[in-house]
Amino acid sequence: MVDFYNYVLLKRVKNFVEEGRESCCEYSVEGVGETFYTMKHKDGKPVYQSDKGSRKAPMVIVCVVLCGFSFYLGGICGSDKNPYKAKEFAKTVETSSAVAPLQIKPGTFAECTPDFQDYTPCTDPNRWRKYSSHRLSFLERHCPAASERKECLVPPPNGYKSPIRWPKSRDECWYRNVPYDWINKEKSNQHWLKKEGEKFLFPGGGTMFPNGVGAYVDLMEKLIPEMTDGTIRTAIDTGCGVASWGGDLLDRGILTVSLAPRDNHEAQVQFALERGIPAILGIISTQRLPFPSNSFDLAHCSRCLIPWTEFGGIYLLEIHRILRPGGFWVLSGPPVNYENHWKGWNTTIEEQKTNYKKLQELLTSMCFKLYKKKDDLAVWQKSSDGGCYKNINSPDHYPPKCDDGTEPDSAWYTPIRPCVVVTDPKYKKVSLESLAKWPERLVTAPERVADFPGGSSGSFKQDDSKWKTRTKHYQKLLPELGTDKIRNVMDMNTLFGGFAAALIDSPVWVMNVVSSYSQNTLAVVYDRGLIGTYHDWCEAFSTYPRTYDLLHADGLFTAEGHRCEMKYVLLEMDRILRPNGYVIIWETSPLINSVASIAKGMRWGCRKENTEHGNAQEKILICQKKIWYSKQTSK
């Protein structure tokens, strides 16, 4: 009890002194009887004190008072004069080396109505009309205000079944799990998918690969031999459809982030994740994509209908930012091979010829060069030659070079700027040709690890070693980890992607999440050949409900508890977790008890376990989301 009071009070001191808050609001942590503080937000963003100097003296006073109060409480709670309360607390949170029953009274959460079964809070079609149609920006993230957040459990569709296991899931899924017919009806001639009985089948067709995705990628490999020798490891597919391209690349050792907005195509990303293929909701519009600069080895667009040459080529500028030097951009569809396809594009050959010329000029101005071209595929390579970028410094050059004040990795609600992000010349090992080939790349300390305090090759290897040990311990506690029962995994608060690296030989893929408020280590994750995204856990994640088999949170509530209310973070975890899916939470003992209280109210079955080192101050919570069905009738 002493440690917990001290923890809470010192946390308050740190928050007040370091952040200089303008105002705070309180929320109670259930099952513990203590109060934390969280920042007030405006439109989901933190409000910071504009003049910290004026509050310096009050901060010192607050610090002294609270610290003194913590010692006072410590004396009371740690003294033999109050043995009853000490015993009462111990009884509430008693633990053992095996499964420990949790004795905290939970709250309960109501069921959302059935029309919320595919609810995506920050990309909600019911709110599109509130936002501008300029560059389709209404399809970007627009999260509800705090007063509009839902405090209910999202139900599965009627007839929902446990997903088909990988690798069979790549080719089929249960219709009732993703009960949407639009793509099946509108794209049936392109063989994206087809419905047979109780299942959707995925034959691997697509608009630009009528002979199947396998033949399409075979041709691509002939044009880009680097796809076959471990040079290319990470890719992004903009306008991914049902992610057949990304699914095919998995067998070829390439890990792809399939990207698509929530639009009239109905649940493209949900289909992808139901298949066990990495995907995320997103669109290239007015905001940067949530990835660092120089991340992807390969970018792909197959008739994704992004107007690459419009708005001064601003969409190409974003591709240029996230693609590492020496990386490749592949385009199939208009205006490539316009000579043979222009009639089917409801246009004229002159218009398409002009569009192709404009596209080539824009790419050249951004230091791309045409690498190879054959049939419906055109491949450009981003230059890693610094000489090309020196030409961009000319005042008459368009697009211009971004000024030094533009942070290349800032990508959370950051507007796309109409300028070229040039890689800092201090980086010598960021270009594709300078990286180790896969799988050696996974265990090679990236150059960018040194960008962070304490970051070095030694700390990188130490982190890797820690996660190998910890993951083995996790597998003892959760034997399903490493089997085909778990496919889609999210590490909600990663540093260098150590947990994902430790699982590299398991039949899983891991979405590594780096907080938009923490150190920007996501570049390191990509440099070692893994994938991930920025995110703020005070908001909903960019995915559909029921899309992950396992959520892993290492110190997430300690790191974000001063900003994000625990209840809403856990409700979001419940939304994106599949029925019968698992949660692993590593936290301080007091926070574990608070999480367990809320989790029980969400119909999770939880047990508390010791860490691999038996540290009494930290515990592991293993939870499983129970499957349940709505008591109401779906529309």
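**View 1. Surroundings of Arg-441 in the predicted model.** Leaving aside neighbours within four places in sequence, Arg-441 is in contact (heavy atoms within 4.5 Å) with Thr-231, Arg-233, Thr-234, Asp-297, Arg-324, Leu-435, Ala-436, Tyr-526, Asp-527, Arg-528 and Gly-529. Arg-441 belongs to helix α12, residues 440–443; helices (H or I, at least four residues) and strands (E, at least two) are DSSP runs numbered from the N terminus. With 1% relative accessibility, Arg-441 counts as buried, where buried means under 20% relative accessible area, exposed over 50% and partly exposed in between (1.4 Å probe, protein chains only). This is a predicted model, in which local features need pLDDT of at least 70 and side-chain atom pairs count only at pLDDT 80 or more, while totals for chains, interfaces and linings use all residues. Residues are numbered from 1 along each chain as its sequence is written, and side-chain values use heavy atoms, with hydrogens and water left out.

**View 2. Two cis peptide bonds.** The bond from Tyr-398 to Pro-399 is cis, with omega near -5°. Pro-399 is located in the loop between α11 (386–391) and α12. Trp-438 and Pro-439 are likewise joined by a cis peptide bond, with omega about 10°, and Pro-439 is placed in the loop between α11 and α12.

**View 3. Residues with positive phi.** Most residues other than glycine have a negative phi. Leu-305, however, has a positive phi near 60°; Leu-305 sits in the loop between β13 (296–302) and α8 (314–322) and is exposed, at 65% relative accessible area. Arg-603, also not a glycine, has a positive phi of about 70°. The loop that holds Arg-603 runs between α18 and β22 (604–610), and Arg-603 is partly exposed at 27%.

**View 4. Crossing of helices α17 and α18.** The axes of α17 (residues 566–576) and α18 (residues 589–601) come within 10 Å and cross at roughly 55°; axes are lines fitted to C-alpha atoms, for helices over the stretch in contact, and angles run from 0 to 180 degrees between N-to-C directions. The two helices are therefore oblique to each other, since angles under 35 degrees count as roughly parallel, over 145 as roughly antiparallel, 65 to 115 as roughly perpendicular and the rest as oblique. Met-566, Lys-567 and Leu-570 of α17 make the contact with Leu-591, Ser-594, Val-595 and Ile-598 of α18.
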